[in-house]
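Have a look at the structure first, then read on.

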Amino acid sequence: MLFRPMTKRNQIILTIAIAIATVLLIAWTMSCHRVNKEAYRSETLVYQTGEFVAMDGNYTISDQENTNGYFVRVDGMRLVDYAELMERYGVTVQENELFPTNTYCIMLDITVRNEGNETGYIHCYGLNLYNGALMIPVDFEIWNMIDENINGNIVLKLRANSEVSLTIPYTPQLLDEAMNQKELMRRLEEQKLKLCLSEFPTVKMIEIKASY
């Protein structure tokens with residue numbers, strides 16, 4: 001015989017083991033369901049170009065931003081030729097066989113208002129543009145070139161009861177363009193992007209369409 005018949009004692013042990021495993025599996029499943037059900041889910045609010053959006057204490061990096069009293073309005077978004085922009089500021093764009101140069105630089109025109117806040121600010125690292133899974137960060141190098149008032153700052157801090165209009169540049173990461181440059185250009189030219197103003201506790205985004 002190749003296999004010995006299972007004894008009654010072994011049958012009992014196997015039955016108990018299966019029962020324990022089943023109970024543990026059920027307990028694990030119920031625990032996962034409870035955790036997922038009770039997990040905190042941020043509310044997402046989407047606004048339109050041209051309307052002031054109240055930050056209401058929401059933030060992207062830290063609650064120390066204290067954004068109460070801050071309002072942001074998107075005035076427009078333009079696509080400009082990346083190489084021409086860089087050359088205008090004395091930077092020659094070098095062609096690369098492995099990675100193509102950026103086609104566009106996105107110029108986002110916004111107005112920021114501060115009503116009575118003496119200590120708060122908006123952290124610029126969180127002001128990303130999104131199109132589905134595509135994320136386009138602020139280009140701080142270009143921002144410092146085109147706006148001498150930025151001077152390396154990574155936060156927007158206004159005097160209380162003041163307002164400022166400014167332009168924030170964005171350039172897609174080279175890897176994004178190398179993967180599918182035509183698709184990236186199509187999205188920028190034809191589809192809407194969303195500016196993320198805050199991540200916590202409420203996600204606030206402004207929908208934008210590029211103009212030329």
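## Two residues with positive phi

Start at D56, which sits in the loop between β2 (53–54) and β3 (70–81); strands here are DSSP runs of E with at least two residues, numbered from the N terminus. D56 isn't a glycine, yet its phi is positive, near 55°. This is a predicted model, where local features need pLDDT of at least 70, side-chain atom pairs count only at pLDDT 80 or more, and totals for chains, interfaces and linings use all residues. Residues are numbered from 1 along each chain as its sequence is written, and side-chain values use heavy atoms, with hydrogens and water left out.

N161 is another non-glycine residue with positive phi, near 60°. Look for N161 in the loop between β8 (155–156) and β9 (162–170). Is N161 buried or exposed? It's exposed, at a relative accessible area of 65%; exposed means over 50% (1.4 Å probe, protein chains only).

## A cis peptide bond

Now move along to F200 and P201: a cis peptide bond joins them, with omega about -20°. P201 belongs to the loop between β10 (192–198) and β11 (202–209).

## The four-stranded sheet

β2, β3, β4 and β9 make up an open sheet in that order, with antiparallel pairing. Its edge strands, β2 and β9, each pair on one side only. Two strands count as paired if DSSP finds at least two bridges between them.

How many bridges link β2 and β3? There are two, and the pairing is antiparallel. As for A54, its bridge partner in β3 is F71.

Definitions and conventions. Buried < 20%, exposed > 50% of the residue type's maximum accessible area, 1.4 Å probe, protein only.
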